[in-house]
Every structure is written in structure tokens, then in C-alpha cells.
Amino acid sequence: MPSNDSHIASPLKIGFTYDLRSEWIAAGLTPDQCQEFEDIEYIERMAAALRKLGSVDMIGGAKALTKRLASGNSGWDVVFNYCEGYGTVAREAQVPALLEAWGITTTLSDSATMALCQDKGRTKMVLEHYGIPTAPFACIPPRCSWDASSYYPLSLLQQCRHREALATFPLFVKPASASTGIGIDSTNKVRNHDELANILDCMSKKYPDQSILVESFLEGREFTVGIIGTGRDARVIGISEFIFHGDLDVYGYASKCYDSPDPTRHFLQMSSPVAQDVAKVALDAWKILGCRDGGRIDIRHDTKGSMAKPMFIEVNPIPGLKGPDFSDLPWLANENGISYDNLIASIVHSALKRKDNL
């Protein structure tokens, strides 16, 4: 539930930044380039929840925000940031960086955390340093940086610190900076060197400006963990398990975006030992990365040892918020007694706790 801290104004003046799919297509992008952006119906759904807290100024994306800041026409108590950004691998950091430069309170993570978490390989490096369990991995630099005449990406796997673990198949390969499961399907799981070489070649050509992450494939159960709050106030509000059927054991873009019946979801009882182990890894990672206000962390069991061990997969510092009938974080909240409107309010009030410190 949202905080009732006395320093929070009521009603609030809320700025709302977002990337609208139709506007980006009108600007010349293809539908494939706009996969991470939202349709107007979902933006309006979020705006309706925000209007229960006060007035909402529909700003738009980073360019529209820049114009508003330069004109001095703001006056927001807080900005609800839902911008994915475009054009760089650190695109999710664009709007937070602008608002930080102007000293304006914004929801969700700051620009440094957004930039870090956008790169899945670097995120794992940081967490590994702090002892957060994650699958053995290696990062292949962006293809645009290769010396084509002499570069052999597989040689990096033979030189990296996890080379012994990565010599055992299956492995999992994915673009390091794509979001929403983009670039992920069953072909990302490779079972031999030929498949590995092929997917590295194909993926590096499709995403030439991104690192490619290669990691040991985790064969166990997969979970997503919903978190709200920041630092010592952060708490897990729900955990769901993806139940795969048939030969499917990868949760990718098609599963997320096309109302696929596979995988199905099972909500865990928070008091169960499995849920508590998963929640601890997720919450520890959340705090170490400096994530704020609300988001999700994906966890999968490593079953190679005698006991299933929860391992960090990736973090979603801009969680899907399309509504309780679509996105994971609202689903998790609703299952545990937090309505969609209260989830949005909790994110806003978590951000407003920082306002006095700016």
C-alpha cells in the first residue's frame, strides 16, 4: 500500500513520460523497431491510475521532455517515467539523466542503474563480484568493434574465467541489451559448437552494437519476482513460476507479447521455502544494483548440484505496467492483494520519499 508520509503533497502534479508506438512509427521507425514501445490504450490505463493521485501532464518521450525542460514549463511534484528510449544501448537512462540534471524527482531507477541493468553481461559482473549466484557466463563484444580479419569470438570462451563451465553444453546465448524478451526464443539454447558458432554469427549481425551474452543453461524451475520499494524499504510482493509444456523451456518475446498459453504461470505461497530462497536472491540483487520503486527480477534454479539453487537471470527496472490482465508485476501485485491503482500509487510514493533529499 502507498505511504502516507506527511511531506507528500495532495493532490500531486505528476509529469508522465512514455514512448508511444504510433508516434515512433510516424517518425519513421518500423513496427519491428517499436516492439518495446506502448500502444495508447495502455498509456491511458496508467494515466488513469495516476489521476487518482492528482493531475497528470502527458509529456511524451525524451525529446518532448527536453523541450519542456528548456522552456521552464514543468512544476511537477514527480515524473512517472515509463520511457524505454531509443538509439543507444543505454537508452533507458536517457530520461532519468535529463530529470536528474534538472533536479526533478522521478520514479524508478536512476540513470546509472538503468544504464548498468540495460547490459545483462555487466549486470552479472557486478552481482558476481558481490556473491549473488548467477550462471557462469562470458560476454562477446559488439560485432561493430571486431577486427573482421582476425577476430574469432569463440576464442573468448576459451579465455574467460568461466571457460571450464562453458565447455559443457547446453549453453544459452542472447543479446545483452535487448528488453522484453526480444531476440529470445528456443533457438537461443545451443547444444553443440556448431549451433553456438551459428547463433553467435547470426545474433552479432542482427545486433551489431550489442554485446552477446553466453551463459550456462539452467535446467531448473524459472520464476519472476515482483518488488516494490527502494533500499531498506524494498520488499517482494509476489513470485510466480513459469510452467513450461512440451519441448518449450525458454520464456521469450512471443510468450510475453502474443497471449501465448505457454508457459502457464503458478503463483507461489510466499511462506514456502522455495519462495523464500528465491525472494532472498532477488531482493539482494535489487539492493546491490540500486534499483528503485518497482520492478521485477527473473530467477532460475540450477539443478546441477544435489539441491536446486536459485540463480539470478536478469532484472527489469522498467517493469511492464499495462494492467492486471497483462503484465507480470501487476499480476503479482493483484494476486497478493495489491490493486493496480495501489501498485502505481506505491511506485509514486516510493519515489517521493527521495524528494526531500534533492
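Student: What average pLDDT does the protein have?
Tutor: The term pLDDT denotes the predictor's confidence in each residue, on a scale from 0 to 100. The structure is a predicted model, and 90% of its residues score at least 70. The average pLDDT of the protein is 89.

Student: How many helices and strands does the protein have, and what percentage of its residues count as buried?
Tutor: The protein has 13 helices and 12 strands. Burial is assigned under 20% relative accessible area.

Student: What share of the contacts with a separation of 6 or more comes from residues 24 or more positions apart?
Tutor: A contact here requires heavy atoms within 4.5 Å. Among contacts in the protein with a separation of 6 or more, residues 24 or more positions apart account for 68%.

Student: Which parts does the salt bridge of E215 and K124 tie together?
Tutor: The two side chains meet with an N to O distance of 3.0 Å, and both residues are buried. The partners are 91 residues apart in sequence, so their pairing ties together separate parts of the chain. These parts are strand β7 (residues 212-216), which holds E215, and helix α6 (residues 120-129), which holds K124.

Student: Which residues are linked with K124 and E215 in a network of salt bridges?
Tutor: A search of the whole structure finds 21 salt bridges, including that of E215 and K124. The network that contains K124 and E215 also includes K174 and E314.

Student: By about how many helical turns are D201 and K205 separated?
Tutor: D201 and K205 form a salt bridge, with their closest N and O atoms 3.2 Å apart. D201 is partly exposed at 28% relative accessibility, whereas K205 is exposed at 52%. Because the two residues lie four apart in helix α9 (residues 193-206), their separation is about one helical turn.

Student: Are R296 and D298 buried or exposed?
Tutor: Their side chains meet in a salt bridge, 3.1 Å from N to O. Buried means under 20% relative accessible area; R296 has 7% and D298 has 6%. Therefore R296 is buried, and D298 is likewise buried.

Methods
Residues are numbered from 1 along each chain as its sequence is written. This is a predicted model: local features need pLDDT of at least 70, side-chain atom pairs count only at pLDDT 80 or more; totals for chains, interfaces and linings use all residues. Side-chain values use heavy atoms; hydrogens and water are left out. A salt bridge is a side-chain nitrogen of Lys or Arg within 4 Å of a carboxyl oxygen of Asp or Glu. Buried means under 20% relative accessible area, exposed over 50%, partly exposed in between (1.4 Å probe, protein chains only).
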